[in-house]
Structure formats: structure tokens, C-alpha cells
Amino acid sequence: MPTPADAILSTLRALVAVPSVYPPGNTEAVCAAIHGMLASWGYETRTVGRAPGIANVVARLGSGSPVLAFNCHIDTVGPGDEAAWDTPPYELTVKNGRAYGLGANNCKGPAASQLWVAEQIAPLLTREGGSEKGTVVFTFCGDEEALGLDGTAYLREAGIIKPDMLVVGAKTENGLLTRERGVTWKELRTKGAGAHAGAPHEGDNAVTHMGRPLAPLEEVGVSANAPRTR
């Protein structure tokens with residue numbers, strides 16, 4: 001019986017062999033391969049998208065809440081000058097305990113790991129007396145390397161996934177992160193009072209007030225971008 005590592009490497013080999021390079025970011029072929037795997041394990045599987053060439057796989061088992069979703073992107077950056085590679089970019093090569101191939105780290109490796117999880121839990125959820133309530137969803141998306149809105153953002157916007165819990169596969173040097181980057185927008189307003197240029201001390205400069213919060217914000221940013229600790 002293959003070990004989990006052997007099984008994951010086998011799946012990774014299949015994913016690396018199917019180009020999903022941005023640009024153009026076409027993920028139809030790799031999604032077809034992933035769709036076939038998940039469907040064969042009993043998942044209710046569909047491939048969806050709204051932009052030409054950008055496919056996303058959504059597979060689920062169970063019903064109702066809570067909803068646990070797994071997510072990973074399966075598009076990659078380009079290989080650049082293929083002659084500069086020590087190993088073929090579209091063939092998985094394992095040397096000294098390391099796997100080499102385009103996307104092996106970002107993010108087809110995590111995708112292969114999540115597919116292994118999907119295969120392992122499928123019998124538990126499909127057999128009689130399986131999960132009494134709740135849904136598990138696996139999503140494999142495109143349009144990430146383009147920082148676009150036709151991958152995970154589309155699934156959320158269209159109401160295709162509404163998870164209570166989300167596990168994102170990404171490169172973290174095998175460290176488990178329990179939070180993810182986000183974006184917050186704030187509007188800051190300051191007030192001042194005008195004065196004649198000959199007597200500026202009689203006024204109150206609103207621009208100066210606006211600058212005061214910037215230093216504390218920079219300190220927060222430096223702290224947030226500090227090296228990860230496990």
C-alpha cells in the first residue's frame with residue numbers, strides 16, 4: 001500500500017504535467033483532471049466559471065451547516081527560460097527528498113495534499129451512518145496569479161460557497177497559520193481653520209493633523225510583516 005507521501009506525490013506528478021500557466025491563466029485542462037478524481041470518490045462535483053478559460057472545481061459531500069471548505073489555487077506563474085531549469089518544468093522530479101516541477105510549491109503541492117484529504121474522508125462521509133450534519137467542500141480555483149476576481153472571489157460572489165470554516169492551501173514552510181491576510185478600508189477626516197499667510201499661527205492646519213496617524217500605521221505594518229513564527 002502506498003504511503004500518504006507516495007500518494008500525494010503521484011497526484012502532484014499528474015497536476016504538474018498539465019500546464020496552467022498565467023498568462024493566459026487557462027485552468028480548464030487541470031480542472032478536468034481534478035474533477036475526474038473528485039467525482040470518482042463520490043463527491044458532487046462541478047466545474048464552474050464566468051471568464052473564458054478560467055475554470056474552478058467545486059466538490060461537496062454532506063448537507064447543511066456547518067460548512068467546512070478547503071481551497072487552493074491551481075494556476076501557476078510561467079516557467080521563464082525553460083533552458084535555465086535543472087529539471088523539466090512540467091515533469092515532477094524528486095531529488096534528495098525535494099520535489100521539483102512548475103507549481104510544485106505554489107500551489108499544486110498543497111492542491112495534491114488537499115486531494116489526498118478528500119480521498120481519505122470520502123468513504124467516511126458516503127457510507128451509511130456517515131456525517132449526520134454538515135458539509136465539506138473542496139474548491140480548486142484559477143485566476144489567482146492574475147490577482148483576478150474570477151476564481152475564489154467569483155465562487156463567493158455567486159453564492160457557490162459560503163463556508164463557516166475555511167482551510168487555505170498555500171506555501172507556509174510547513175507552518176500552520178491560523179489567520180490570513182485581509183484588507184480593511186478606513187476613511188479619516190480632519191478639521192482645521194484657515195488663516196492668512198502672514199499669520200499662520202492663527203490657523204489650524206488640517207493637513208498636519210492628517211499626517212499624525214501615519215507613523216503608528218507604519219509601525220503596525222512592520223509588525224504585521226515580521227517573520228512568521230510557528
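Biologist: What makes Gly 53 stand out in the hairpin of strand 2 and strand 3?

Modeller: Its phi is positive, near 85°, and the hairpin has two residues between the strands. This is a predicted model, where local features need pLDDT of at least 70, side-chain atom pairs count only at pLDDT 80 or more, and totals for chains, interfaces and linings use all residues. Residues are numbered from 1 along each chain as its sequence is written, and side-chain values use heavy atoms, with hydrogens and water left out.

Biologist: How do you know that strand 2 and strand 3 pair?

Modeller: Strands are DSSP runs of E with at least two residues, helices are runs of H or I with at least four, and both are numbered from the N terminus. Two strands pair if DSSP finds at least two bridges between them. Strand 2 (residues 44-51) and strand 3 (residues 54-63) have six bridges and run antiparallel, so they count as paired. In this pairing, Thr 45 sits opposite Ala 59.

Biologist: What makes the pairing of the five-stranded sheet mixed?

Modeller: The open sheet has the order 2-3-8-4-9. Strand 2 and strand 3 are antiparallel, while strand 4 (residues 67-73) and strand 9 are parallel, over four bridges. There, Leu 68 faces Met 165 of strand 9.

Biologist: Why are strand 2 and strand 9 at the edges?

Modeller: Each has a single partner strand, so one side of each lacks a neighbour in the sheet; strand 9 covers 165-168. From one strand to the next, the twist averages 20°.

Biologist: Why are helix 1 and helix 3 called oblique?

Modeller: Axes are lines fitted to C-alpha atoms, for helices over the stretch in contact, and angles run from 0 to 180 degrees between N-to-C directions. Under 35 degrees counts as roughly parallel, over 145 as roughly antiparallel, 65 to 115 as roughly perpendicular, and the rest as oblique. Helix 1 (residues 4-16) and helix 3 (residues 108-126) cross at roughly 125°, with axes coming within 8 Å, so the pair is oblique.

Biologist: Why does helix 2 get another label against helix 3?

Modeller: The axes of helix 2 (residues 28-40) and helix 3 come within 11 Å and cross at roughly 20°. That angle is therefore in the roughly parallel class.

Biologist: What makes up the lining of the second largest pocket?

Modeller: Five nonpolar residues, one polar and one charged. Among the lining residues are Lys 186, Thr 184 and Met 210. Lys counts as charged, as do Asp, Glu and Arg; Ala, Val, Leu, Ile, Met, Phe, Trp, Tyr, Cys and Pro are nonpolar, and the others, Gly among them, polar.

How values were computed. 1 Å grid on protein atoms, 1.4 Å probe; cavity = no way out; pocket = protein on both sides within 12 Å on 5 of 7 lines; lining within 4 Å.
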